[in-house]
Amino acid sequence: MDQKQTPLVDVMRNYQQLGTARFHVPGHKGRGKDSLLSPIFPFDLTEITGLDDLHHPEAAIWQAQQLAAEVFHADKTFFLVGGSTAGNLAMIMAVCQPGESILVQRNVHKSVIHGLIFSQAHPVYLMPEIDVDTGLPLTVSLAELKRKLKETPKAKAVFLSNPNYFGMGMDLTPYAEECGRAGIPLLVDEAHGAHFGQAQGLPISAMQAGASAAVQSTHKMLPSLTMSSMLHVKGEALSPDRLRQILSMVQSSSPSYPLMASLDLARHYIYHEGKDDLLRVSQWVQEYRARINALSLRWLVAVDKSQSYDYLDPFKITLRTNSPQYHGFALQEYLEQQGIFPELADDHHVLLALSPRTEENDLIRLLDAIQSMEQGIRVKTTGGMKLSAQNYTREVARTPHEVFYARKFRIPLQEADGKISGEMIIPYPPGIPTVNPGERLGHQTMEYIQQLKKIGCRFHGVSDPTLETILVIEE
C-alpha cells in the first residue's frame, strides 16, 4: 500500500476547504472565535457524504485502517475513539459467552475487569511474576501459563498485559505458541507498546510475536490525540464482524474525527519520520539514565533492566527512591515544583514516560533537578513497602459479574478482613486493581491499602473516596 497517503486527513481537509454551508452537526458549525479550541472546530466533523463512517467503513476510514494494519504488523486494524478501554472490552466480549472461562493476568487494567462484567465470563487469574529488584508486578511466567492451561482445558482465551506500565516486558512468542497448541487466542493489552517493532533496538510487538489480537494506546507513546487507540487483529481466531459489532456498542455512535485523523497522522509519522526519532531519543534515554546513576546517590537510582524480564522499554525512565523523606509521591511533588511532570508515582517509584517527540532539553532539566536536590537526604534502613506475589494471590469467591448485581452493604475498612469485596480498589494511576470485585479481602491487603493512603495515593473504583469504608457482599 502507498504509505505516503493520509486518506482520512485528506478528505477532512478537502471538505473544510469547500466553504460549505454546514446544516449538520456539530453545533459549532466549524466556527469559533477567540477560543482555545477554535483551530480544531473546522475539522470536527461527522458522518456526512464523503467522510465515511467508523462503524461501517468503506472509503477513507477503511483505507486509513488498512494502512495502519500494514505498519503495525496486523491483518486488520480498528481505530478506537474510546481509548484502549474499548479494545479491551471488545476482545473479551468477542471470545467469551456467559459463564465461560478465560485465563486473565491478575494485574490487568480495570477495563479488563469491566469486560468480564459485560461478558459474564468466569476469570481464572494468572499470577504475575515479581521483579526481584523493584518488587513491581510483571507479566505471568510461561510456566504459570502452561499450568493454568492444563488446569483449565475449556478456557476460551488467554488475556495478558505486556509490557507493564513501567516498560518491563516479556517476549510473547512462546506464550502465543502455547495458546496456539491449546487452540485458543492470545489477547494482549499492549497499551504502552505502540512503538514496539517500529525501529531497531525496540522489542517486537504482540502482533509480531503471534498474538491473535492486541490493543495499543497510540496516544500514549506516539503522537496521536488522547483517547485515540488501535485494535490490531491477526489470524482467524476473532471474527472481524463480531468485533465491529461490539465496538459499535461500546464506542460512541458519533466518533471524533480529530481523534481518528490523529491516528492516520500517527501512522504516517511513525512510518516516515518516527524511526529516526525513536533511535535518537532511545540513545538519549540510555545516556541520561547512566548519568543519573553516575551521581551515586544512596537514596535514588534510575532502574536498569533486571533478570526478571526480557526487556526494558527504552522510552520509560523509572526513578526508584529509598528515602522516607522523598518517597515516590513526595519526589513527584518536588519534580512538579521544578516544572517537570511525571506520568505517575507510587510508594517507591516515579515513572517518566518519553516518546519519539521528547526533546533532549527535557532530560537536561530532569538531571539538573535531581542534581540540585538538597544534601543529607535520609535513606531507609529497613525494607520499604513492596508488592509481593502474595498481594495478588487471593480467593476468588464471586465473579465480577455476580458481584455487580449482588446486594452490597457498607462496613468500616478495618472490619473488612475476610469479607468478599463488592467493589474495586484501584490505585490510580496506573489503574491496576489492588482488589477486584469478588475477591476475599485479607489483612495484608488492608495494611497495604492503609499505607498507600498515608502517603497520598489516589484511588479509583471505590464509592467512598476516603476509603474509611468499603462495600462488601453477603455470603
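Contact means heavy atoms within 4.5 Å. The model is predicted: local features need pLDDT of at least 70, side-chain atom pairs count only at pLDDT 80 or more, and totals for chains, interfaces and linings use all residues. Residues are numbered from 1 along each chain as its sequence is written, and side-chain values use heavy atoms, with hydrogens and water left out.

**Figure 1. Overall view of the chain, with 15 helices and 20 strands.** Helices (H or I, at least four residues) and strands (E, at least two) are DSSP runs, numbered from the N terminus. Among contacts between residues at least 6 apart in sequence, 71% join residues at least 24 apart. The C-alpha atoms fill a box of roughly 70 × 55 × 45 Å, taken along the principal axes. For 475 residues, a compact globule would have a radius of gyration near 23 Å, and the value of 23 Å for the chain agrees; the radius is taken over C-alpha atoms, and the globule rule is 2.2 Å times the number of residues to the power 0.38. Of the 475 residues, 58% count as buried, where buried means under 20% relative accessible area, exposed over 50%, and partly exposed in between (1.4 Å probe, protein chains only).

**Figure 2. The open sheet of seven strands, with mixed pairing.** The strand order is β1-β10-β9-β8-β6-β2-β3. At the edges stand β1 (76–80) and β3 (122–126), each of which pairs on one side only. From one strand to the next, the twist averages 20 degrees. Two strands pair if DSSP finds at least two bridges between them. Strand β2 (residues 101–105) pairs with β3 in the parallel sense over five bridges, and the bridge partner of Val104 in β3 is Tyr125. Helix α2 (residues 60–71) lies across β1 and β10 (229–233) and runs at about 120 degrees to β1; axes are lines fitted to C-alpha atoms, for helices over the stretch in contact, and angles run from 0 to 180 degrees between N-to-C directions.

Figure 3. Gln105 is buried, with a relative accessible area of 1%. Its side chain makes a polar contact with the side chain of Asn107 (2.9 Å). A polar contact is a pair of N or O atoms within 3.5 Å; within protein, one must be able to donate a hydrogen and the other to accept it, and residues adjacent in sequence count only if both atoms are side-chain atoms. A polar atom of the Gln105 side chain also lies 3.0 Å from the backbone nitrogen of Ser161. Residues touched by Gln105, not counting those up to four places away in sequence, include Leu126, Leu138 and Phe159.

**Figure 4. Strand β13 (residues 316–321) and its pairing partners β11 and β15.** Six of the six residues of β13 are buried, so the strand is largely enclosed by the rest of the structure. Lys316, Thr318 and Arg320 point one way, and Ile317, Leu319 and Thr321 the other way. Strand β11 (residues 300–302) runs antiparallel to β13 and is joined to it by three bridges; Val301 has Arg320 as its bridge partner in β13. Strand β15 (residues 349–353) pairs with β13 in the antiparallel sense over five bridges, with Lys316 opposite Ala353.

Figure 5. Ala369 is buried, with a relative accessible area of 4%. Not counting residues up to four places away in sequence, Ala369 touches Tyr334, Leu335, Gln338 and Ile340. The C-alpha atoms of Ala369 and Leu335 are separated by 7.1 Å, although these residues are 34 residues apart along the chain.
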